[in-house]
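Please look over the sequence and the model first, then read the points below.

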Amino acid sequence: MKVPFVDFASPYAELKDALDAAYHRFMESFWYVLGAEVEAFEQEFAHYCGSKHCIGVGNGLDALHLILRAYNIGPGDEVLVPSNTYIATWLAVSYAGARPIPVEPDSRTHNLDPARIAAAITPRTKAIMAVHLYGLPADMDPILEIARAHGLKVIEDAAQAQGARYKGRRTGALGDAAGHSFYPTKNLGALGDAGAVTTDDPDLAERIRTLRNYGSKKRYYNDFKGINSRLDELQAAFLRIKLTKLDEWNARRQVLANRYLEALADEQALELPCVPHWAEPVWHLFVVRCAQRDLFQKRLETLGVQTLIHYPVPPHLSGAYADAQLPLGCLPIAEALAATVLSLPLGPHTRPEQADYVASMARKALSEF
């Protein structure tokens with residue numbers, strides 16, 4: 001059996017009629033930028049998250065960047081970020097002109113460790129950016145408590161967590177604002193790049209709406225030095241269709257995750273995902289740890305199982321942050337995770353027999369160590 005990591009054909013087959021109808025509706029509207037589809041999606045996604053406002057933007061990186069810009073966070077300021085995350089979290093801070101300050105994760109959840117935050121706060125700190133990595137919510141209550149005590153903003157990087165819940169509340173409405181990515185592989189994925197910001201703050205929402213459109217509220221009148229980052233009207237039409245399936249597809253992911261957790265529970269050479277009692281993850285990724293990760297991955301590949309590594313290089317060791325003077329060994333938890341994590345195939349269209357095959361081949365590969 002061959003088990004691909006990502007399946008794009010099956011989602012289209014399931015939604016073909018609705019997606020094709022959305023395309024024709026868009027084409028026949030003759031309105032291609034910031035029209036009725038974007039406005040409708042913004043309303044629908046805000047309602048889904050439980051937030052008051054949604055602003056559609058070009059991608060997830062722009063969503064985080066624009067939140068920082070709208071809060072006037074820039075040169076001379078610092079933003080606390082997880083040391084273990086996709087580099088876009090750090091880049092958003094850098095693009096705003098501020099400095100990302102890494103904080104190590106909890107080695108069990110791989111998310112930002114609240115116990116390590118206070119020591120990283122300085123007079124220059126303006127915000128904490130918490131990532132809901134792999135679709136598992138960060139522990140938000142202690143993060144918010146620390147932030148409020150120091151007058152800091154809390155920004156959610158919810159790129160991988162559409163639909164996840166923290167103590168019964170959806171991600172995207174837990175902090176002051178949240179950035180979302182709708183990259184095609186995300187739980188709520190567009191058919192191209194797309195993103196959004198959610199917030200309850202009307203002033204922030206209005207400023208981001210202006211900044212995403214060249215800093216203009218009225219054509220040719222520019223109030224700020226904005227950028228061009230507008231959610232595409234066609235992608236909004238597609239996202240509206242896929243939003244109606246999000247909970248169902250997330251539930252499918254949960255079933256498959258449970259299948260993996262049960263089948264691999266006795267494998268001593270694997271560290272399985274940890275789910276705290278207060279979290280309802282959406283399993284954007286199913287990430288295990290293995291001391292012999294590279295060998296494990298190669299053996300799975302020969303057995304027909306495609307896997308990926310999220311992520312092989314922590315941001316502080318990338319060339320992009322060579323000037324940050326964060327040498328090898330300075331963030332040992334992030335570095336240990338990067339050396340041992342492996343993502344197994346899991347998606348809403350992964351078939352149960354495929355998941356069973358992956359688990360069986362994982363056991364086979366591990367038995368040869």
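**Helix α3 and its ends**

α3 is followed by N72, which has a positive phi, near 60°. The model is a predicted one. Helix α3 covers residues 60-70 and is mostly covered, with nine of its 11 residues buried.

- The buried residues of α3 are G60, D62, A63, L64, H65, L66, I67, L68 and A70.
- At the start of α3, the backbone nitrogen of L61 has a side-chain oxygen of N59 within 3.2 Å.
- An α-helix has 3.6 residues a turn, so residues three or four places apart point the same way.

**The chain as a whole**

- The chain contains 11 helices and 15 strands.
- Its radius of gyration is 21 Å, close to the 21 Å that the globule rule gives for 369 residues, so the chain is as compact as a globular protein of that length.
- The C-alpha trace spans about 65 × 55 × 35 Å along the principal axes of the chain.
- Of the 369 residues, 57% count as buried.
- Taking contacts between residues at least 6 apart in sequence, 70% join residues at least 24 apart.
- The accessible surface of the chain is about 16,000 Å², and 53% of this surface belongs to carbon and sulfur atoms.
- The chain has 38 positive and 43 negative charges, and the mean positions of these two sets are 2 Å apart.

**S181 in strand β8**

- S181 is part of strand β8, which is made up of residues 177-181.
- S181 counts as buried because its relative accessibility is 10%, and the cut-off for buried is under 20%.
- A polar atom of the S181 side chain lies 3.2 Å from the backbone nitrogen of Y183.
- Apart from neighbours within four places in sequence, S181 is in contact with G60, A159, Q162, K186, L188, A194 and G195.
- One of these contacts, G60, is also among the buried residues of α3.

**C49 in helix α2**

- C49 belongs to helix α2, residues 36-49.
- With a relative accessibility of 5%, C49 counts as buried.
- Leaving aside neighbours within four places in sequence, C49 is in contact with R170, T171, A173, H180 and T198.
- C49 and D193 are 144 residues apart along the chain, and their C-alpha atoms are separated by 20 Å.

**The loop between β3 and β4**

- Strand β3 spans 99-103 and strand β4 spans 125-131, and D113 is found in the loop between them.
- D113 counts as buried, at 15% relative accessibility.
- The side chain of D113 has a polar atom 3.0 Å from the backbone nitrogen of A115.
- Not counting residues up to four places away in sequence, D113 touches V103, E104, P105 and D106.
- H110 also lies in the loop between β3 and β4.
- H110 is not a glycine, although its phi is positive, about 70°.
- The relative accessible area of H110 is 5%, and H110 is buried.

- Y134 is found in the loop between β4 and α5, the latter being residues 140-150.
- Although Y134 is not a glycine, its phi is positive, about 65°.
- Y134 counts as buried, with 8% relative accessibility.

- Y311 lies in the loop between α9 and α10.
- The peptide bond joining H310 and Y311 is cis, with omega about 15°.
- Helix α10 consists of residues 332-340, and its buried residues include I333, A334, E335, L337, A338 and T340.
- Those buried residues of α10 pack against β14 (286-290), α9 (293-302) and β15 (341-344).

Technical notes
Residues numbered from 1 in each chain as written. Predicted model: local features only at pLDDT ≥ 70, side-chain atom pairs only at ≥ 80, totals over all residues. Heavy atoms only, no water. Helix = DSSP H or I, 4+ residues; strand = E, 2+ residues; numbered from the N terminus. Buried < 20%, exposed > 50% of the residue type's maximum accessible area, 1.4 Å probe, protein only. Polar contact = N/O pair within 3.5 Å; in protein donor to acceptor, adjacent residues only side chain to side chain. Contact = heavy atoms within 4.5 Å. Rg over C-alpha atoms; globule rule 2.2 N^0.38 Å. Areas by Shrake-Rupley, 256 points an atom, 1.4 Å probe, with all protein chains shown as cover. Lys, Arg positive; Asp, Glu negative; His and termini not counted. Charge placed at Lys NZ, Arg CZ, Asp CG, Glu CD.
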